[in-house]
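The following exercises concern the structure shown below.

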Amino acid sequence: MMLSFMAASTRSVEAAGPDPVVAGILSAASTIVPISLTLILWAPEDGLAEDVRFNTGMISLGLGSILGPSIGGFYAGGQSDTWITLLLRTLTGSLMLSGIGLAARGEEGSSRDLGQALAWSGAIPTGLLAIYDLWTVPGRAEEAARRSRMVASESAPTLYVGAFSLCQGVSFVDACR
């Protein structure tokens, strides 16, 4: 007697991956809120002169400009683009923050000029990398959701022996439904 086994039916499973809108909102909010806090702290006359407000503003600016744009990417699965842009923003953002600190608190003259040059040379690439992340994170989330749907829709085989289904006797098993 010859037995033949074959996979017949597939289960339809809907897997929810990361939502592109949520990923975009997470990245935008994680960038805008800390940078806005920095502006609020530094806006008054003595904002840069007061130690606590200056230091809190520097930390907040660092979090918003370096880490903030990547938050949505981490929500979407943190693929290589997210990690690479975070690393690059860490390098350029550190240059920017060093320059801002030197420009705001350095000695009069060449030290402050050097600080301004460092701040701008770090701020421009940091800003461009942040814009890139904010622009592409919804697409990354959509790709992660698509991958999630593909994995979830892989078929669970139903076992047939010849013309007879083994599932007819075991209807309580999920694969047989």
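**Exercise 1. Determine the secondary-structure content and order of the chain in this predicted model.**

Solution. Counting the elements gives 5 helices and 2 strands. Read from the N terminus, their order is α-α-α-α-α-β-β.

**Exercise 2. Describe the burial, surface and contact range of the chain as a whole.**

Solution. Step one concerns burial: the chain has 177 residues, and 33% of them count as buried. Step two concerns the surface: the accessible area of the chain is about 10800 Å², with 68% of it belonging to carbon and sulfur atoms. Step three concerns contacts: among those with a separation of 6 or more, 67% join residues 24 or more positions apart.

**Exercise 3. Characterise the packing of helix 1 against helix 2.**

Solution. Two quantities are needed, since a packed pair of helices is described by the angle between the axes and the distance between them. For helix 1 and helix 2 the angle is about 160° and the axes are 8 Å apart. Because angles over 145 degrees count as roughly antiparallel, helix 1 is roughly antiparallel to helix 2. Their crossing is left-handed. On the side of helix 1, the contact includes Thr31, Pro34, Thr38, Leu41 and Trp42, and these residues are among the buried ones of helix 1. On the side of helix 2, the contact includes Arg53, Phe54, Gly57, Met58 and Leu61, which are likewise among the buried residues of helix 2.

**Exercise 4. Carry out the corresponding analysis for helix 2 and helix 4.**

Solution. Helix 4 comprises residues 80-105, and it packs against helix 2 at about 155° with an axis separation of 9 Å. The two helices are therefore roughly antiparallel. The crossing of this pair is right-handed. Residues of helix 2 in the contact include Phe54, Met58, Leu61 and Ile66, while those of helix 4 include Leu86, Gly93, Leu97 and Ala104.

**Exercise 5. Is Leu87 buried or exposed, and is Arg140 buried or exposed?**

Solution. Leu87 is found in helix 4. Its relative accessible area is 53%, and the cut-off for exposed is over 50%, so Leu87 is exposed. The C-alpha atom of Leu87 lies 9.5 Å from that of Leu67, which is 20 residues away along the chain. Arg140 belongs to helix 5, residues 110-152. At 13% relative accessibility it falls under the 20% limit, so Arg140 is buried. Apart from neighbours within four places in sequence, Arg140 is in contact with Ala76, Asp81, Thr82, Tyr132 and Asp133.

**Exercise 6. Which residues does Pro20 touch, leaving out those up to four places away in sequence?**

Solution. Pro20 is located in helix 1, residues 20-42, and is one of the buried residues of that helix. With the sequence neighbours excluded, Pro20 touches Pro138, Ala141 and Glu142. Between Pro20 and Val137, which are 117 residues apart in sequence, the C-alpha to C-alpha distance is 7.3 Å.

Technical notes
Residues numbered from 1 in each chain as written. Predicted model: local features only at pLDDT ≥ 70, side-chain atom pairs only at ≥ 80, totals over all residues. Heavy atoms only, no water. Helix = DSSP H or I, 4+ residues; strand = E, 2+ residues; numbered from the N terminus. Buried < 20%, exposed > 50% of the residue type's maximum accessible area, 1.4 Å probe, protein only. Contact = heavy atoms within 4.5 Å. Areas by Shrake-Rupley, 256 points an atom, 1.4 Å probe, with all protein chains shown as cover. Axes fitted to C-alpha atoms, helices over the stretch in contact; angles between N-to-C directions. Parallel < 35°, antiparallel > 145°, perpendicular 65-115°, else oblique. Left-handed = near helix turned anticlockwise from the far one by under 90°.
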